Amino acid sequence: MFDINRIRSDFPILGTKVYGKSLVYADNAASTQKPSQVIDSIKDLYSNHYANIHRGVHHLSQKSTALYEGARGTVKDFINASKVEEIVFVRGTTEGVNLVASSYLEPRLDPGDEILISEMEHHSNIIPWQLTAERTGAKLKIIPLLENGELDISKLPDLLTPQVKLVAVTHMSNSLGTLNDISPIIERAHNMGIPVLVDGAQSIAHMPIDVQALDCDFFVFSGHKIYGPTGIGVLYAKEDHLLSMKPYQGGGDMIMNVSFEKTEYNDIPYKFEAGTPNIEGTIGMAAALDYVSGLGIEVIDSYEQELLVYATERFSEIEGLQIIGTAPRKGSIISFVLDGIHPHDVGTIMDMEGVAVRTGHHCTQPVMDYYNIPATTRVSLSFYNTMGEIDEIAKAISKVKELMG
Ligand code: PMP
């Protein structure tokens, strides 16, 4: 069912040698590699169909426009939104969160209001809210972590006060791997009339997403973490929210009529897509979503869970290695620390063995503070990784111990 060799042959970069060794790419939570189908879609656009979109009557402009709007339909289907109007193309997760903070939340905040986030958020789901809070006199409240890397949901009833005007929470932690059970959070917030933004930057590539079933108000993700290009991402928002929101940026394409006295804005979602957008990014991202759909996200999920179980077992056997993030429900991410060895040394030596991992705080400094560590080494796996590669990673960790221990 899962022909790993065929799948790997779709990703030209996986054949790379690093210091004469076969590359083991295990930095997928930072960014994923791209299959030929994505690379070719962009080449095809530039070779055969490219022009600026929307404003042209000529053939190529209409072709580009059809591909760009077709990509919107692909995204809508991939996350099961009810309408294409609910899909806004943005630069990535970060821009999606900033857009909601500025255009949706900020005009609704008064001094003393609260924004509820969690202790495991990526900096891009912290700082936009902090900036908005600073400008309005609102404050941030935090759902705390538990030792195993889960959120302490028992605190939710106390935290969800009528002052809370929005909850923003990640679906899957990029530094711990924790999969959050967000449905009960959304339900509880909605019972109090509070909207919820879900950061789907990590979850999008690892599990089926159904925004209607989740009933979230906003869902954001980045193309580059799901095998698509960088510089493109998606803000899903319920239609009523988008209709009620002010534009985020002004410029071409987001207007109906402009005079110096008054500007009439375009319909949603165009109202939020000022200027010439990342045309090739949207088309490449749609090719990536088609690729993932072709493999089947459920199939991907179950294979990656097997990788996670095996890697967890292998790494746990290594003396002096402590896994940070041991929640019962995790995506294929294993963060760890090695006794007495700084993660930057771990990453550098592993690189010499051809193994690409990420070391640092992973843009989640509050998580590092919680565990009282400066950084971790993070192995993040994708469906194109193999059990054999996990053995190679374990060997590279042993090499680190040998050299530094
Ligand atoms: N949230 C999470 C959970 C992430 O992992 C990341 C990327 N590491 C982001 C947000 C930000 O994504 P981007 O840099 O693509 O905007």
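**A walk through the predicted fold**

P269 lies in the loop between strand β12 (263-265) and helix α10 (279-295), where helices (H or I, at least four residues) and strands (E, at least two) are DSSP runs numbered from the N terminus. The structure is a predicted model, in which local features need pLDDT of at least 70 and side-chain atom pairs count only at pLDDT 80 or more, while totals for chains, interfaces and linings use all residues. Residues are numbered from 1 along each chain as its sequence is written, and side-chain values use heavy atoms, with hydrogens and water left out.

The peptide bond that leads from I268 into P269 is cis, with an omega near 5°. Most peptide bonds are trans, and most residues other than glycine have a negative phi. Against that background, two further places in the backbone deserve a look. Y227, which is not a glycine, has a positive phi of about 70°, and this residue sits in the loop between β9 (218-222) and β10 (233-237). C363, likewise a residue other than glycine, has a positive phi near 60°, and its place is in the loop between β16 (358-360) and α13 (365-371). Y227 is buried, with a relative accessible area of 0%, whereas C363 is partly exposed, with a value of 31%; buried means under 20% relative accessible area, exposed over 50%, and partly exposed in between, for a 1.4 Å probe and protein chains only.

The next stop is the ligand. Among the residues that surround the ligand are T93, T94, H122, N174, D199, S222 and K225, a residue being near if one of its heavy atoms lies within 4 Å. The residues of this shell divide into 1 nonpolar, 9 polar and 2 charged. For T94, a polar side-chain atom lies 2.5 Å from an oxygen atom of the ligand, and for S222 an N or O atom in the side chain is 2.7 Å from a ligand oxygen. The protein covers 85% of the 400 Å² of accessible area that the ligand has on its own, an area found by the Shrake-Rupley method with a 1.4 Å probe.

N174, one of the residues around the ligand, is placed in the loop between β7 (164-170) and α7 (182-191). N174 is buried, at a relative accessible area of 7%, and its side chain reaches the backbone oxygen of H362 at 2.9 Å. In helix α7 itself we find P184, which counts as partly exposed at 38% relative accessibility. P184 and L214 are 30 residues apart in sequence, and their C-alpha atoms are 9.5 Å apart in space.

G149 lies in the loop between β6 (139-143) and α6 (156-159), and G149 is buried, with a relative accessible area of 0%.

We end in the interior. In soluble globular proteins, nonpolar side chains tend to be buried together. The core draws at least three residues from each of domain 1 (4-28 + 296-404) and domain 2 (39-294), whose bounds come from an automatic or database domain assignment.

Note on methods:
Polar contact = N/O pair within 3.5 Å; in protein donor to acceptor, adjacent residues only side chain to side chain. Nonpolar A, V, L, I, M, F, W, Y, C, P; charged D, E, K, R; others polar.
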